[in-house]
Amino acid sequence: MRYLVTGASSGIGLAVARMLLERGAHVVGLSRTAGPAVDHRGYCHVAVDLADLKAVRTVSRELSRQEPWAGAVFNAGAGRFGGLESSKAMRSEARSTARDV
């Protein structure tokens, strides 16, 4: 059985990848970091930024040529750095609220 785990370099994704490996599965772990997070013969690490659609398409084409998937864990996170007040939507809301007061 082969599983895909995104966000496999740390945290929940890494824990899930290790759990699947312990149960005899093969795991393809995706993350932005360049190195493998797991040293196991059933583990293959692919460094890819899931925010880069072109890179995702390339990786997807390559992985689809291999054996079928038994499952996938979509654990990768994406975020915006900075405080909430720094986002355009929050600044707009703050201006609107200030005018209403």
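Helices (at least four residues) and strands (at least two) are DSSP runs, numbered from the N terminus. The exercises below use a predicted model.

**Exercise 1. Which pattern of helices and strands does the protein chain follow along the sequence?**

Step 1. Count the elements: the protein chain holds three helices and four strands.

Step 2. Of its 101 residues, 29% are buried. Take the contacts between residues at least 6 apart in sequence: 44% of them join residues at least 24 apart.

**Exercise 2. Find where the buried residues of α1 fall when the helix is seen down its axis.**

Step 1. Check the helix itself. α1 covers residues 11-22, and its first and last C-alpha atoms are 17 Å apart, close to the 16 Å expected at 1.5 Å a residue.

Step 2. List the residues under 20% relative accessible area, the cut-off for buried. In α1 these are Gly-13, Leu-14, Val-16, Ala-17, Leu-20 and Leu-21.

Step 3. Look down the axis. The buried residues of α1 lie within an arc of 165°, so they line one face of the helix.

Step 4. Turn to the other side of α1, where Gly-11, Ile-12 and Glu-22 are exposed.

Step 5. Identify the cover. The elements over the buried residues of α1 include β1 (2-6), β2 (26-31), β3 (43-47) and β4 (71-73).

Step 6. Note what comes after the helix: Gly-24 follows α1 and has a positive phi, near 90°.

**Exercise 3. Determine which element gives the most residues to the largest nonpolar core.**

Step 1. Write down the members. The core has twelve residues: Tyr-3, Val-5, Ala-8, Leu-14, Val-16, Ala-17, Leu-20, Leu-21, Ala-25, Val-27, Val-38 and Tyr-43.

Step 2. Sort them by element. β1 and α1 are the elements that give two or more residues to this core, and α1 gives the most, with five.

Step 3. Separate the other core, which lies apart from this one and has seven residues, including Leu-4, Val-28, Val-46 and Val-48.

**Exercise 4. Explain why β1 is described as largely enclosed by the rest of the structure.**

Step 1. Five of the five residues of β1 are buried, so the strand is largely enclosed.

Step 2. Recall the rule for strands: in a regular strand the side chains alternate between the two faces of the sheet.

Step 3. Examine the pairing. β1 and β2 run parallel and are joined by five bridges; in β2, Gly-29 is the bridge partner of Val-5.

**Exercise 5. Is Ser-31 buried or exposed, and what does its side chain contact?**

Step 1. Compare with the cut-off. Ser-31 has 6% relative accessibility and therefore counts as buried.

Step 2. Look for polar partners. The side chains of Ser-31 and His-45 make a polar contact at 3.3 Å.

Step 3. Ser-31 is then in contact with Ala-8, Ser-9, His-45, Val-46, Ala-47 and Val-48.

Note on methods. Residues numbered from 1 in each chain as written. Predicted model: local features only at pLDDT ≥ 70, side-chain atom pairs only at ≥ 80, totals over all residues. Heavy atoms only, no water. Expected span 1.5 Å × (residues − 1). Buried < 20%, exposed > 50% of the residue type's maximum accessible area, 1.4 Å probe, protein only. Arc of directions from axis to C-beta. Contact = heavy atoms within 4.5 Å. Polar contact = N/O pair within 3.5 Å; in protein donor to acceptor, adjacent residues only side chain to side chain. Core = buried A, V, L, I, M, F, W, Y, C linked by side-chain atoms within 4.5 Å. Pairing = 2+ DSSP bridges. Lists of a residue's contacts leave out its neighbours within four places in sequence.
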